[in-house]
Amino acid sequence: MDLTRRKACLALVLLSRVSAWASQVASLVSKTYRFDDLPVTREKEAAYRHILEGRTRTGDYLEAHETVLEPNAMPHPPHRHVGEEMFLISTGILEVTIAGKRTQLGPGSAFFVASNEEHSIRNVGSTAAQYFGITLGQEA
């Protein structure tokens, strides 16, 4: 086989992707997720239910979880990451801070956090708050 410059460049590109392919999370398959069957993890004043995590058939990273926050609790300090996130609030009142702007949101509200935007969530209500988070693109 004659190794031309073009074939060598193509081979280098393919080889550079091998480790990335090997480290990727599993591909998602069609499946149902019964809420009561999802295990609950507790950390301080928050409870989490991991719903799913993987890559879609188009190769996009997708993760979904549910969080219940006690009054005046935060799941973690303000932070930023490459993965984008969308949240849907089921119960309670959350104070959401995105890029320094604070907003209070209640049941039925949603918010989106773009890649690398600093953000935080706090339950400012007097009862537990429940919300669902969906991460897109890369892990949060």
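**Salt bridges and nonpolar cores**

In this predicted model, the side chains of Glu95 and Arg102 come together in a salt bridge, with 4.0 Å from N to O. The two partners sit in contrasting surroundings. Glu95 counts as buried because its relative accessible area is 17%, under the 20% limit. Arg102, in turn, counts as exposed because its relative accessible area is 61%, over the 50% limit. As a reminder, side chains of opposite charge can pair when their charged atoms come close.

The structure holds 3 salt bridges. Another of them joins the side chains of Arg49 and Glu66, at 3.4 Å from N to O. This pair links distant parts of the chain, since Arg49 belongs to strand E2 and Glu66 to strand E3 (residues 61-69), 17 residues apart. Both Arg49 and Glu66 are buried. A salt bridge is also formed by the side chains of Asp37 and Arg34, at 3.7 Å from N to O; here both residues are exposed.

Attention now turns to the nonpolar residues. In soluble globular proteins, nonpolar side chains tend to be buried together. The largest nonpolar core in this model has 14 residues, and among those with the most contacts inside it are Leu69, Phe87, Ile89, Phe111 and Tyr131. Two or more residues of this core come from each of strands E2 (46-55), E4 (84-91), E5 (94-98), E7 (110-113) and E9 (129-137). A second, separate core of 5 residues includes Leu28, Ile51, Leu52 and Ala64.

Leaving aside residues up to four places away in sequence, Ile89 touches several residues, including Leu94, Leu105, Pro107, Phe111, Gln130 and Tyr131.

Technical notes
Residues are numbered from 1 along each chain as its sequence is written. This is a predicted model: local features need pLDDT of at least 70, side-chain atom pairs count only at pLDDT 80 or more; totals for chains, interfaces and linings use all residues. Side-chain values use heavy atoms; hydrogens and water are left out. A nonpolar core is a set of buried Ala, Val, Leu, Ile, Met, Phe, Trp, Tyr and Cys residues joined through side-chain atoms within 4.5 Å. Buried means under 20% relative accessible area, exposed over 50%, partly exposed in between (1.4 Å probe, protein chains only). Helices (H or I, at least four residues) and strands (E, at least two) are DSSP runs, numbered from the N terminus. Contact means heavy atoms within 4.5 Å.
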